[in-house]
Amino acid sequence: MEYIVSARKYRPLTFDTVVGQASLTTTLKNAVKSGKLAHAYLFCGPRGVGKTTCARIFAKAINCQNPTPDGEACNECESCQSFNEQRSLNIFELDAASNNSVEHIKTLMEQTRIPPQLGRYKVFIIDEVHMLSTAAFNAFLKTLEEPPAHVIFILATTEKHKILPTILSRCQIYDFERMTVRNTVDHLKHVAEQEGISYEESALAIIAEKADGGMRDALSIFDQAASFCQGNITYDKVIEDLNVLDIENYFKIIDLSINNKVSDIMVLLNSIINKGFDGGLLIQGLAKHVRNVLMAKDPQTLPLLEVSDQMRERYAQQAKQCDTRFLYQALRLMNQCDINYRQSSNKRLLVELTLIEVAQITQPDDGVSAGRRPKRLKSLFKQLIQQAQPKTTSAPQVAAAKPAVSTPAPSVPENSGKAEAPRNTIKLNGIGFSWSNIRGKGKTDKTPMPSAIATPSETNQTTTSQFSQTDLQFQWMAMCNRMPQQLSGIATRMKNMKPEITDYPHVEVSVDNELIKQEMEKIHKNIAKTLQIALQNAEITLSIKVVDHAEEAKKAMTRRNQFEDMSKENPAVEKLRQVFNLELA
């Protein structure tokens, strides 16, 4: 017996057997019952949802001599029999993808003049009508506007936006819906039962998700899986056959991320990549999974999950363990990774960093979190900052700086021989300030900007710790890195500047032009106060000057000029030239 694929074997023959288009088929049946038929219909929607199938069923019902009270064809009259045997002379199908020229349309229009030999109407089904050329559309337009009374056109397309508006205005438009996972699974169950194939519902759900709303695609994948599984369709065999990443990996990644187990996530990611799965597909699938978990948190959005009932329960269970804030930030991070994935030169590193950030979203605030921007310097930088500070401080300076030290110096016993100098440490809350107040909206140049730092206490204002040029440059760069996004432009320019100690503790910064100076003048007080706190010296002052490159540019020296200068500084060079009788080239 000849084998027929499921997409053809189980193609609907009546309106009632059409899957997932209940409202649309009801409208067509009512039109057949009432006899109120339009002269042109347009069926549009994604592939594999039943556009051509419904067009054939509708054409058959229109010409049926004894339609049922429900508007279905009787399948017994001569018209129905001729249609079933594919010998009907009243129904014509044209593939516009390969017959899209003006000549093809003119030939079709000539056939409209001949009345039907059997039945009431001649029905012309034009599939993929958007492929017609502009000239063909124009040739078709006049006949479509005023067709003969015995002619009905049914147009089908997947891209309605490519059809001329003049064509659209002359048709009744029916938009077909994508197949839901639930409808697809139910239909696949029916096919499996008819074929005597055992199945797991979770396996059919994977097939339905892979079909992406197309019933024809789902039936094709079903046939493929049935051949691979040899009549017993299981979840494990389906994901192996279709090369689909097991959804259990997504559940594991989220569970590990909640518990901040970065190492376990990296091991799991490595095993996934070793199986041949792309990191970008992993991020896309994980983002879809997190979206489903987010939808499962609210009973109102739970029906939005296009999954099986068993999987819907699993999503609901994981949603109870996840905080909404965690899900929002995880979605944002994965969306950003998906955007940057194509341009990244090290794609695996990008995926790893994204998963690390997701795993650190729920870390306590006292840890270094990669999932969010820190508002103040963390303990990770304590050692680096202490190394940049001067190691020796005079006694008066230590006494003056003592109130600002976060950790008090250890007390010295009276019987000790020599008091150990207290270690010079930094109060981190003074350095980790926020620039958010600089972002005030609607301020003009004349209005002073608010202070970006909390006003130092009286003890902080009296500190006069020593600092070097290296300390100044380090704190200057740290300040530029912490400036907010709104000041990223001036922050980038400031990173290229080199502040210098001119008259200690006065600091001078040179800029290239007056425009940059005006931009820095707006935050002049904030910069000075930041340096005072970071360097623990309240006497620091700051000035900004514009460099006159014409005056400061050094005169270009020739090789002879350089040699003459060297001879003046070191007479032995000139003596050497005379001894060897050398000449400058």
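On a 1 Å grid over the protein atoms alone, a pocket is an open set of points with protein on both sides within 12 Å along at least five of seven lines, whereas a cavity is a set of points where a 1.4 Å probe fits but cannot get out; lining residues have an atom within 4 Å of a point. Grid points are joined across faces, edges and corners, and a volume is the space filled by probe spheres set on the points. The lining of the largest pocket consists of 31 residues, and those nearest its centre are Glu-209, Val-244, Tyr-250, Gly-285 and Lys-288. Two or more lining residues come from each of helix H9 (201-211), helix H12 (247-258) and helix H14 (279-296); helices (H or I, at least four residues) and strands (E, at least two) are DSSP runs, numbered from the N terminus. H14 gives the largest share of this lining, eight residues. By class, 16 of the lining residues are nonpolar, seven polar and eight charged. Here Ala, Val, Leu, Ile, Met, Phe, Trp, Tyr, Cys and Pro count as nonpolar, Asp, Glu, Lys and Arg as charged, and the others, Gly among them, as polar.

Residues are numbered from 1 along each chain as its sequence is written, and side-chain values use heavy atoms, with hydrogens and water left out. As the model is predicted, local features need pLDDT of at least 70 and side-chain atom pairs count only at pLDDT 80 or more, while totals for chains, interfaces and linings use all residues.

The second largest pocket holds about 600 Å³ of space. It is lined by 18 residues, with Arg-11, Leu-13, Arg-56, Phe-83 and Gln-86 closest to its centre. Helix H1 (6-9), helix H3 (51-63), helix H4 (78-84) and strand E2 each contribute at least two residues to this lining, and the largest share, four residues, belongs to H3. Its residues divide into six nonpolar, five polar and seven charged.

One cavity of 30 Å³ or more is found in a search of the whole structure. The largest cavity has a volume of about 60 Å³ and is lined by Ser-202, Ala-205, Ile-206, Glu-209, Tyr-235, Ile-247, Ser-308 and Met-311. H9 supplies four of these residues, the largest share. The cavity lining comprises five nonpolar, two polar and one charged residues.

The protein has 28 helices and 10 strands. Of its 585 residues, 41% are buried, where buried means under 20% relative accessible area, exposed over 50%, and partly exposed in between (1.4 Å probe, protein chains only). Among contacts (heavy atoms within 4.5 Å) with a separation of 6 or more, 71% join residues 24 or more positions apart.

Strand E2 (residues 91-95) pairs with strand E3 (residues 122-127) in the parallel sense over five bridges; two strands pair if DSSP finds at least two bridges between them. Ile-91 has Val-123 of E3 as its bridge partner, and Phe-92 has Phe-124. Between E2 and E3 the chain passes through helix H5 (residues 102-111), a right-handed β-α-β crossover. Right-handed means that, with the strands pointing away from the viewer, the path from the first strand over the helix to the second runs clockwise. E3 also runs parallel to strand E4 (residues 151-157), to which six bridges join it. In E4, Phe-153 is the bridge partner of Phe-124. The chain reaches E4 from E3 through helix H6 (residues 134-145), and this β-α-β crossover is right-handed. Five of the six residues of E3 are buried, and the strand is mostly covered.

Another group of strands, in the order E8-E9-E10, forms an open sheet of three strands with mixed pairing. Strand E8 (500-501) and strand E10 (541-546) are at the edges with a single partner strand each, so one side of each has no neighbour in the sheet. E8 pairs with strand E9 (residues 506-511) in the antiparallel sense over two bridges. The bridge partner of Glu-500 in E9 is Glu-508.
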